[in-house]
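My entries follow in the order in which I checked things.

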Amino acid sequence: MTATDAVPLKLEKSARIFVAGHRGLVGSAVVRRLRTVGYTNLILRSHSELDLTNQSAVKTFFSIEKPQYVILAAAKVGGIHANSTYPADFITINLQIQTNVIDSAYRYGVKKLVFLGSSCIYPKMAPQPIPESSLLTGPLEPTNEWYAIAKIAGIKMCQAYRIQYKWDAISAMPTNLYGPNDNFHPENSHVLPALMRRFHEAKVSGAKQVVVWGTGSPLREFLHVDDLADSVVFLLEKYSDLGHVNVGSGKEVSIKSLRSW
Ligand SMILES: NC(=O)C1=CN([C@@H]2O[C@H](COP(=O)(O)OP(=O)(O)OC[C@H]3O[C@@H](n4cnc5c(N)ncnc54)[C@H](OP(=O)(O)O)[C@@H]3O)[C@@H](O)[C@H]2O)C=CC1
Ligand SMILES: C[C@H]1O[C@H](OP(=O)(O)OP(=O)(O)OC[C@H]2O[C@@H](n3cnc4c(=O)[nH]c(N)nc43)[C@H](O)[C@@H]2O)[C@@H](O)[C@@H](O)C1=O
């Protein structure tokens, strides 16, 4: 068997599935979806219970809990302001989390791992809608290149383990997401929760205007996180190949148009 023709696994509903980052936007949606379709044996740890940047703690966790499947939705995440203000945190924490989790998952017998990246891995000038083949074809968007480099390393790590160890690690690249358990921080969040908060506060206070950053002309593709979770479970159950997979809505909207969404 080559690295690229691994047969998709038949998952038992009692399979031990570790959802890393289960309290976040994506992780909580994945947990909802897994439970809805009948998975009964989810392994969940908050950041305070298990710091995934701590290599020895991660090894101990995997050696004791022995998950069979892993969905890696734990990461240092934020919008454009957070990414450009804390570049060291974004590159270092993400490299640490994903390196620890991917390597321990392989070493402690996990059958399959799904790594979550982001559409920011693509070059700034990639054609839109962005095909997977655009990866590493040009310079990145400077505001989040540190985060993007970590995510590209995650894809490459999954591919490397697939090739060298014939291990079933796959990667999904979601577009901009929204939904329950999003981060509504006034500066560090993504645009949709930031604007929801700002418009709500303006309504409550009776403010006459709301500030939206930038020109409003950038385009983004938005996807409800429950649709992403559906895709993640589908990929876990059905997809097994070397290439990363984009997950989006296929419809781009301008930031300006969000005012009337
Ligand atoms: N939000 C978006 O628009 C998009 C997100 N993605 C990707 O989806 C994934 C999840 O993002 P999202 O759900 O939005 O992020 P959130 O910030 O909502 O959630 C991140 C989760 O990671 C956990 N976490 C962070 N650091 C650590 C750590 N050191 N140890 C253990 N757990 C940790 C947090 O735990 P706790 O809650 O316990 O602190 C939290 O549950 C990321 O890989 C991101 O790149 C991709 C594209 C778009
Ligand atoms: C998913 C993706 O998310 C991040 O990339 P991003 O798409 O640039 O995300 P964003 O939601 O922060 O901004 C989208 C657009 O919206 C504009 N904008 C207007 N007003 C606000 C505002 O109030 N807040 C924010 N955050 N943006 C605003 C903002 O100027 C930008 O043009 C990555 O860093 C990375 O984390 C990643 O993977």
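Strands (E, at least two residues) and helices (H or I, at least four) are DSSP runs, numbered from the N terminus. I noted that this is a predicted model, in which local features need pLDDT of at least 70 and side-chain atom pairs count only at pLDDT 80 or more, while totals for chains, interfaces and linings use all residues. Residues are numbered from 1 along each chain as its sequence is written, chains are lettered from A and ligands numbered from 1 in the order in which they are written, and side-chain values use heavy atoms, with hydrogens and water left out.

**Entry 1**

Six strands form an open sheet in the order 2-1-3-4-5-8, with parallel pairing. Strand 2 and strand 8 (245–247) are the edge strands, since each pairs on one side only.

Strand 1 covers residues 17–20. I found Ile17 and Val19 pointing one way and Phe18 and Ala20 the other, and all are buried. Buried means under 20% relative accessible area, exposed over 50%, and partly exposed in between (1.4 Å probe, protein chains only).

Strand 1 is joined to strand 2 (residues 42–43) by two bridges, and the two run parallel. Phe18 has Ile43 of strand 2 as its bridge partner. Four bridges join strand 1 to strand 3, again in parallel. There I found Tyr69 of strand 3 opposite Ile17.

I also traced the path from strand 1 through helix 1 (residues 25–36) to strand 2, which is a right-handed β-α-β unit. Right-handed means that, with the strands pointing away from the viewer, the path from the first strand over the helix to the second runs clockwise.

**Entry 1: strand 4**

Is strand 4 largely enclosed or open? All five of its residues (112–116) are buried, so strand 4 is largely enclosed by the rest of the structure. Lys112, Val114 and Leu116 lie on one side, Leu113 and Phe115 on the other, and both faces are covered.

Strand 3 (residues 69–72) runs parallel to strand 4, and four bridges join them. I picked out Val70, whose bridge partner in strand 4 is Leu113. Strand 4 also pairs in the parallel sense with strand 5 (residues 168–174), over five bridges. In strand 5, Ala169 is the bridge partner of Leu113, and Ala172 stands opposite Leu116. Strand 4, helix 5 (residues 145–165) and strand 5 make a right-handed β-α-β unit.

**Entry 2: ligand 1**

I counted a residue as near if one of its heavy atoms lies within 4 Å. Of the 26 residues around ligand 1, Leu25, Val26, His47, Tyr147 and Lys151 come nearest.

Next I looked up distances, taking a polar contact as a pair of N or O atoms within 3.5 Å; within protein, one must be able to donate a hydrogen and the other to accept it, and residues adjacent in sequence count only if both atoms are side-chain atoms. A polar side-chain atom of Arg23 is 3.0 Å from an oxygen atom of ligand 1. A backbone N or O atom of Val26 lies 2.7 Å from an oxygen atom of ligand 1.

**Entry 3: ligand 2**

Which residues come nearest to ligand 2? They are Gly78, Ser118, Val191, Arg198 and Arg220, out of 19 around ligand 2. Helix 6 gives the most to this shell, with three residues.

I found an N or O atom in the side chain of Arg220 at 2.5 Å from an oxygen atom of ligand 2. A polar side-chain atom of His190 lies 3.2 Å from an oxygen atom of ligand 2. For Ser189 the contact is from a backbone N or O atom to a nitrogen atom of ligand 2, at 2.8 Å.

**Entry 4: Ser189**

Ser189 sits in the loop between strand 6 (176–178) and helix 6. Ser189 counts as buried because its relative accessibility is 4%. Its side chain reaches the backbone oxygen of His185 at 2.7 Å.

Methods:
Two strands pair if DSSP finds at least two bridges between them.
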